[in-house]
Structures are given as structure tokens and as C-alpha cells.
Amino acid sequence: MSTNNSETITLSDPADFEKQVQAAALPKDGDPADPYQVKLEPEDDPKHLSLWFKWLAVLTICTSSSCATFASSVASFSETGLAQDLHTVHEVTILSISLYVLGLGIGPLFVGPLSELYGRNIIYRTSYVLFFAFTWPTAFPPNIATFLVFRFITGLCGSAFLSVAGGSVSDLFDNRSVATPMAVYTLSPFIGPVLGPLISGFIVQNTDWRWCYRVLLIWQAVQTILLFTCVPETYAPVILKRKAKKLRKTTGDKNYYAPIEHQEHSLFRMILFSCYTPFKLLFYDRMALALDTWSALLLGILYLAFQAFPIIFQGVHGFNDQSTGLAFLGIGLGMVLALCAQPYWNRLFRRESEKYKGHVPPEVRLIPGQVGGILAPIGLYIMAFTTYKQVHWIGPIIGSIPFGAGVIFIYTGVFTYLVTAYRPIAASAMASNSAMRSTFAAVFPLFAGAMYHRLGTVGATALLAGLTTLMAPLPFIYYKIGARLRSKSRFAVAD
């Protein structure tokens with residue numbers, strides 16, 4: 001038995017580095033011949049926490065995620081006031097959304113994987129304290145440069161909830177019960193962008209635009225308190241590490257250890273691996289790349305709407321700011337209706353579980369995505385051909401309902417698939433997805449105005465509908481051949 005508690009050991013076989021890191025990330029039952037290797041007992045396992053406490057943690061994480069994405073779109077109606085008070089032009093103020101979302105995309109590439117090394121809680125708490133602190137310069141900006149720099153920094157700080165949260169849900173619930181909490185989590189980062197223009201529209205219409213960010217500060221303060229009081233550590237290897245440390249302290253016996261402390265590589269290389277894993281997942285795993293591209297396109301369209309809706313509803317129908325913000329309720333209603341369908345999906349997954357005798361392949365989780373793949377383009381086509389001035393303004397709002405529902409169905413399928421098919425690196429899988437989604441979301445608003453003015457409201461929206469139509473077959477294709485692709489993947493769990 002080893003008595004070395006160091007985390008730095010020479011790597012003997014570089015070719016096996018990737019597999020060794022993934023294997024080490026999973027909780028071990030311990031070697032019966034080694035009484036000093038700590039085991040994950042039921043009282044230690046986060047999956048055995050009381051149901052109400054698990055849901056309290058999930059809801060706290062979800063509202064924190066909504067707050068982080070709310071911060072991205074709350075800038076949508078503050079652009080005019082920002083341009084006037086900080087003496088800049090409208091095109092520059094659009095960067096307040098793009099830079100924030102870019103930060104949301106870059107952050108998970110590092111924050112998400114590191115959570116698999118150091119645990120979820122330290123990431124949540126540290127990032128949210130910084131998120132709160134760095135929002136102050138955006139609420140009281142002396143100039144446009146300061147404002148934009150800190151928008152990017154706050155995006156980086158808020159990014160933990162776009163990758164780590166998926167890993168936390170995976171930690172708290174097993175495959176049979178993960179669908180509902182994952183659906184709730186899936187909804188949370190998309191409700192935030194819908195709430196942003198709705199609330200900021202009312203604020204800008206009735207008071208100073210700076211109150212958009214002051215309201216954000218109040219929400220952040222509440223979420224920071226909840227994260228410190230309601231969310232436990234959920235990552236099993238870190239739980240075992242803490243248990244071993246406690247045993248060494250209480251017994252005085254330095255031989256106790258956790259598997260993560262005896263990994264056969266240096267801590268530096270471990271961090272390096274965790275940071276480049278999301279990139280490797282995108283470059284070498286075709287299924288992850290395709291699903292990430294699909295979800296990225298949808299988020300890009302959602303953020304493009306922050307520029308498109310004012311063109312449609314203010315330019316065509318003469319709405320004011322708060323009325324245009326209310327137009328986003330169609331997307332929000334569609335998302336909530338999609339979440340209400342979760343009991344049906346749960347019954348479906350239970351039947352599939354019986355069919356596969358408890359060993360449900362991850363591809364079954366893509367079934368909601370099949371429905372979403374049909375609904376999203378239908379909604380966009382309805383929106384496209386009801387944006388004429390002679391058509392009642394309720395038309396595009398009605399069209400946005402199936403689009404919103406389709407977005408949630410697609411992300412429910414994709415997110416749940418990623419955390420089950422790539423369970424050993426769940427946070428890294430979510431980080432790669434988040435990076436691509438946020439990149440699209442940062443870029444799309446920049447060309448929205450030019451596209452809508454050149455193609456018109458009908459042509460531009462129909463183009464977006466056509467792109468989503470091209471991607472719609474993906475969940476059907478991967479439902480059929482996903483198992484074969486997983487068997488060849490260096491990252492995914494094989495059957």
C-alpha cells in the first residue's frame with residue numbers, strides 16, 4: 001500500500017493519458033486488499049441526499065444560471081441610453097451583448113473542466129462573487145471602454161453555470177431520474193434571455209437605463225447567498241478526497257487516500273488535459289460537433305431576436321420599448337409549455353428503460369430533440385410569413401411559441417445526451433457545447449440589423465428557418481447510428 005499523498009506522480013504511458021484521466025474521474029468502490037483507500041459510502045454519495053434537498057440545490061443552480069443569462073439580454077433595450085450618455089454609436093453598444101456572450105462562451109472551456117478537478121462548489125461560489133463584484137462598473141460606468149471591458153469580464157465570471165451545472169445535475173441524479181431535473185436546468189439559461197428584454201423594456205421606458213444593471217446587482221446578491229447556503233459539493237472524487245483528508249486528520253494515520261490523489265500524472269498535466277478536452281471533443285467527436293453546431297445555431301437565432309424584434313415590432317407595428325419587450329413572452333410561453341410536457345417524456349423513458357432492462361442507451365434521450373427539430377423551423381416559418389405590416393402583430397408572437405418550445409425540446413435532448421453519453425467528462429462536454437453556442441450568440445446580433453434591412457423581415461426570418469430545417473434530421477440520424485459512433489469515440493461511454 002502506498003503512503004504517498006502527493007498529487008504529482010510521473011506519467012508512465014502518455015498514450016493512455018486520456019483514458020487514465022477519465023477513469024480517475026469516476027468514483028471507485030475501493031480495493032478490498034487496501035483498507036486505506038477511502039470508499040464512497042451511501043452517506044457520502046450525493047445521489048443519496050434527500051429528494052427535497054437535491055431539488056433545492058438544482059433550483060438554486062438554475063436560478064443562478066437564469067441570472068447569468070438574464071445579464072446578457074438585459075442590455076438589449078439599454079443601447080439607446082448607453083449611446084447617448086457614454087457618447088458612442090449604436091453599433092458599438094451592440095457589443096454590450098456580444099462581448100458578454102463571448103465571455104460566457106470562453107469561460108466554460110476552463111471553468112467547466114476545472115470543476116472536475118476541484119469540485120463544483122468552489123467554482124460556483126468564486127465565480128458568482130466575482131460576477132457580482134465586476135457588475136458594479138457596468139452599473140456605474142465612467143466611459144464606454146470601461147463598460148465593454150467589464151461586460152466581457154462579467155460574462156467570463158458568470159459562465160460556470162453554462163457548463164458546471166450540467167455536471168451537478170448528473171452528480172445528484174442517476175440515469176433513471178435525471179430527465180426532469182435536466183429539463184428544468186435546460187429551461188433556466190433560456191428563460192434568462194427572455195426575461196432580459198421584458199424587464200429592461202419596462203425599466204428603460206419608465207426610468208434610467210442604469211437601473212437595468214442595478215436590478216441585476218440585487219438578483220446577483222440574492223443568488224450568492226443561496227449558493228453558499230443551499231448547494232453542497234456533488235463531485236464524488238472531490239468528496240472522497242475530502243473524506244480521506246478528514247480521516248488522516250482525525251486518526252493521525254497518513255496512509256488514507258482517495259483515488260484522485262494517486263493519479264499517475266502531474267497536477268499541471270491534469271489541468272492542461274482538462275482545458276483542452278473540450279477542444280478535442282469538438283475536433284475529434286463528430287456527433288458532439290454536429291449536436292453542438294445545431295444547438296449553437298438555435299442560440300444564435302435567439303440572440304439575433306434581440307435586434308430583430310425591435311425591427312419587426314417597433315419598425316413595422318410601431319411598438320414602444322416595453323411593448324416590444326412583452327413580445328418576447330411568446331418564446332417564453334413556448335419554453336414553459338415544453339417543460340410541462342416533461343411528465344410525458346418521463347413515462348416514455350420509463351417504458352424504454354423496461355425495454356432495455358434498465359440499460360437505456362443515451363440515444364433515447366434524443367427523442368425530445370426529434371420533436372424540437374420539427375417545431376423550431378415551423379415556428380420560424382410562421383414568424384417569417386406573418387411579419388407583413390398588414391398582418392396582425394399577434395402573428396409573429398404566435399409563431400414564436402412553437403420556436404420556443406422547439407428550443408427547449410432540442411436542448412433537453414442534447415444536454416441530457418451529453419451528460420449521459422459523455423458522463424466521465426460531463427462538464428467538459430457541456431463546456432464545449434457552451435463555447436460553440438455562445439460564439440454563435442455573440443456573432444449573430446452583429447449582422448442582424450444589416451441582414452434584416454437587406455433581406456426584409458420576411459426573407460431574413462425565412463433564411464433562419466431554412467437553416468434550422470437543414471439541421472432537423474440530426475436527432476433522427478443519430479438515434480439510429482449513435483451507438484455505432486459512440487463505440488468508436490475516445491470520449492463517449494460505450495454500451
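Predicted model: local features only at pLDDT ≥ 70, side-chain atom pairs only at ≥ 80, totals over all residues.

Student: Okay, at what angle do helix 2 and helix 7 pack?

Tutor: About 35°, with the axes 13 Å apart. Helix 2 covers residues 51-73 and helix 7 covers residues 121-139.

Student: Left-handed or right-handed crossing there?

Tutor: Helix 2 crosses helix 7 in a left-handed way.

Student: And which residues meet?

Tutor: From helix 2 you've got Ile61, Ser64, Cys67, Ala68 and Ala71, and they meet Tyr124, Tyr128 and Phe131 of helix 7. That contact splits into 7 nonpolar residues, 1 polar and no charged.

Student: Now helix 10 and helix 17: how do their axes cross?

Tutor: They cross at roughly 145° and come within 10 Å. Helix 10 is residues 179-206, helix 17 is residues 342-355, and the crossing is right-handed.

Student: What's touching what in that one?

Tutor: Ala179, Thr180 and Ala183 on the helix 10 side meet Gln342, Asn346 and Phe349 on the helix 17 side. Here the count is 3 nonpolar, 3 polar and no charged.

Student: Switching to the surface, which residues form the nonpolar patch?

Tutor: Ile374, Ile378, Ile382 and Phe476, with about 320 Å² of accessible area together.

Student: Which helix gives the most to it?

Tutor: Helix 18, residues 367-384, which gives 3 residues. Ile382 is in that helix.

Student: Last topic: how many salt bridges does a search of the whole structure find?

Tutor: It finds 5. One of them pairs Asp85 with Arg210, whose closest N and O atoms are 3.0 Å apart.

Student: Where do Asp85 and Arg210 lie?

Tutor: Asp85 is in helix 3 (residues 79-85) and Arg210 is in the loop between helix 10 and helix 11 (211-230), so the pair ties together parts 125 residues apart in sequence.

How values were computed:
Residues numbered from 1 in each chain as written. Heavy atoms only, no water. Axes fitted to C-alpha atoms, helices over the stretch in contact; angles between N-to-C directions. Helix = DSSP H or I, 4+ residues; strand = E, 2+ residues; numbered from the N terminus. Left-handed = near helix turned anticlockwise from the far one by under 90°. Contact = heavy atoms within 4.5 Å. Nonpolar A, V, L, I, M, F, W, Y, C, P; charged D, E, K, R; others polar. Patch = residues over 30% accessible without salt bridge, like charges linked within 9 Å, V, L, I, M, F, W, Y side chains within 5 Å. Areas by Shrake-Rupley, 256 points an atom, 1.4 Å probe, with all protein chains shown as cover. Salt bridge = Lys/Arg side-chain N within 4 Å of Asp/Glu carboxyl O.
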